[in-house]
There are 2 protein chains.
Amino acid sequence: MARYAKEHKQVTRQRIIETAGRRLKRDGIDGSGVATLMKDAGLTNGAFYAHFASKEDLVAAAVSDQLRDQREWLASIVSGRAGLEQMVRTYLSPEHRDNPEAGCPSAALLDEITRCADPTKQAYTDSVLAFIDDIAAGLAPHDPPSARTKTLSVYALMIGTLQLSRALADRQLADDLLEQGICNALVVLDVTQQDWAAGCSDRTAGVEHAQLRHERPDT
Amino acid sequence: MARYAKEHKQVTRQRIIETAGRRLKRDGIDGSGVATLMKDAGLTNGAFYAHFASKEDLVAAAVSDQLRDQREWLASIVSGRAGLEQMVRTYLSPEHRDNPEAGCPSAALLDEITRCADPTKQAYTDSVLAFIDDIAAGLAPHDPPSARTKTLSVYALMIGTLQLSRALADRQLADDLLEQGICNALVVLDVTQQDWAAGCSDRTAGVEHAQLRHERPDT
DNA sequence: CCCTTTAGATTATGACCGTACTACCATAAG
DNA sequence: CTTATGGTAGTACGGTCATAATCTAAAGGG
């Protein structure tokens, strides 16, 4: 009856999603055409709409798929703070910066995702939270909601740092920025919840050093 | 001899750059066509190449122009650490998040700039550094190079936080993230150079609290 | 063993938009 | 009245998303 095995279509769909993931991160969403995305998977454009309702539908699926991959990788590597630190160093490494097509979809596509329709943003949000909550749970099992926001903020820090490092034309400066970003991430991770509660809602959050306060002569 | 005043073309060029700035941040680089960009300035597509060599040439000019604006605004507002804190809070405000077309070009376009040709990335780098060095000079006149990297890293933190806040479908979470981002930025700003030198090159950089270290049973 | 059925893919098509370029035009200064 | 400037309109040619018609090849029925 059927020419193909039962899961053949699912397999093909998955292949499209995976190859599209790389292409999208390399050339951007608006920069990747449907025909190209299909060609990458060894198919032609016509078959696309048998698998996806629209291009954005594929984008949502591809981003979700990659974040799920990251989540699994992370679950296997990270345990305890040492694992977290290793994750930060891997994320903010020159290798990650120089190979966006194999890296984090957020770093490669975040501001294009920002301009996507709601369903895509929702899919992105769900995938990111699944990923973040995994870390947050290991980080502070006693206080999940606070840990979620904090973990998310560290993720944001890493995304911005990697993006900026990619955009800078000065390679030395880009490298220095990555190093500094690692330090920043670790500092933020090591500031305790108490510090936040005590100091941050209004002021400087537990770190007392104030050497940098040069009150310039106000105009 | 000439039908127009001497600076007429310059004025027109500037108008194109400014209207294009808003459009680019709203719809993205690949999402904005030359015809649309010209229409925004009250002109037609044909005149474009009398002002710019290519679309990317305009992009570079527009981004530089906006960063210069930001620089001037910042120079007028920020003085001393209090000014810096105000800047951080303004940058990571819901208003900024919800109005990308009027906001920071880095937050709106950074990963598209990443995919631009070298001249564009060079123009971006120069503009960012001019802007960053202004802050760094006020922050640590005794140690400019270190302050440059540090300031840049805080900028990256803010960019990533704003982008992620824009992408999240959960508004409450997006707001919480902004708040957390403000705390993180202030913490990073208040860690002194000595702390970095002493602790960060290998470890945790001056912040001693370790409550979050739950060594999960390693597998 | 042939032949129908049908899932999945290909090719072709639609209408539109993308960048880049060229020919032409209107106008005011000299 | 000539000249040069800044602009408009039109064009070339390819790419865009999405849809429709056609083809291919294997599985199952007789």
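User: How many helices and strands does chain A have?

Analyst: Helices (H or I, at least four residues) and strands (E, at least two) are DSSP runs, numbered from the N terminus. In this predicted model, local features need pLDDT of at least 70 and side-chain atom pairs count only at pLDDT 80 or more, whereas totals for chains, interfaces and linings use all residues. Residues are numbered from 1 along each chain as its sequence is written, and chains are lettered from A and ligands numbered from 1 in the order in which they are written. Chain A has 11 helices and zero strands. From the N terminus on, its elements read α-α-α-α-α-α-α-α-α-α-α.

User: What percentage of the residues in chain A is buried?

Analyst: A residue is buried if 20 or more other C-beta atoms lie within 10 Å of its own, exposed if 12 or fewer, and partly exposed in between, with C-beta atoms placed from the backbone. Of the 219 residues in chain A, 45% are buried. As for contacts, two residues are in contact if their C-beta atoms, placed from the backbone, lie within 7 Å. Among contacts in chain A between residues at least 6 apart in sequence, 60% join residues at least 24 apart.

User: How is the packing of α5(A) and α10(A) to be read, and at what angle do their axes cross?

Analyst: Two packed helices are described by the angle between their axes and the distance between the axes. Axes are lines fitted to C-alpha atoms, for helices over the stretch in contact, and angles run from 0 to 180 degrees between N-to-C directions. Here the axes of helix α5 (residues 80-91) and helix α10 (residues 171-190), both of chain A, cross at roughly 150° and come within 9 Å. Angles under 35 degrees count as roughly parallel, over 145 as roughly antiparallel, 65 to 115 as roughly perpendicular and the rest as oblique. The helices α5(A) and α10(A) are therefore roughly antiparallel to each other.

User: Which residues of α5(A) and α10(A) meet?

Analyst: From α5(A), A:L84, A:E85, A:V88 and A:R89 meet A:I182, A:A185, A:L186 and A:L189 of α10(A). For residue classes, Ala, Val, Leu, Ile, Met, Phe, Trp, Tyr, Cys and Pro count as nonpolar, Asp, Glu, Lys and Arg as charged, and the others, Gly among them, as polar. The contact of α5(A) with α10(A) has six nonpolar, no polar and two charged residues.

User: At what angle do α7(A) and α7(B) pack?

Analyst: Helix α7 (residues 105-114) of chain A packs with helix α7 (residues 105-114) of chain B at an angle of about 130°, the axes being 8 Å apart. That makes α7(A) oblique to α7(B). The contact joins A:A108, A:L109, A:L110, A:D111 and A:E112 of α7(A) to B:A108, B:L109, B:L110, B:D111 and B:E112 of α7(B). By class, these residues are six nonpolar, no polar and four charged.

User: How many residues of α7(B) are buried, and what covers them?

Analyst: In α7(B), 10 of the 10 residues are buried, so this helix is largely enclosed by the rest of the structure. The cover includes α7 and α9 (144-167) of chain A, together with α1, α4 (55-77), α8 (118-139) and α9 (144-167) of chain B. With α9(B), the axis of α7(B) crosses at roughly 85°, and the two axes come within 9 Å. The helices α7(B) and α9(B) are therefore roughly perpendicular to each other. Their contact is made by B:S106, B:A107 and B:L110 of α7(B) and B:I159, B:L162 and B:Q163 of α9(B). This contact has four nonpolar, two polar and no charged residues.

User: Which residues touch the most other members of the largest nonpolar core?

Analyst: A nonpolar core is a set of buried Ala, Val, Leu, Ile, Met, Phe, Trp, Tyr and Cys residues joined through C-beta atoms within 7 Å. The largest such core has 116 residues, of which A:V63, A:M158, A:A185, B:V63, B:M158 and B:A185 touch the most other members. Leaving aside neighbours within four places in sequence, B:M158 is in contact with B:V88, B:Y91, B:L92, B:G181 and B:A185.

User: Are B:L24, B:D30 and B:D98 buried, partly exposed or exposed?

Analyst: B:L24, in helix α1 (residues 8-27) of chain B, counts as buried, with 24 C-beta neighbours inside 10 Å. Beyond four places in sequence, the contacts of B:L24 are B:I29, B:S32, B:V59, B:A62 and B:L109. B:D30 lies in the loop between α1 and α2 (34-40) of chain B and is partly exposed, with 17 other C-beta atoms within 10 Å. Not counting residues up to four places away in sequence, B:D30 touches A:G28, A:D30, A:G31 and B:E112. B:D98, in helix α6 (residues 94-98) of chain B, counts as exposed, with 12 C-beta neighbours inside 10 Å.
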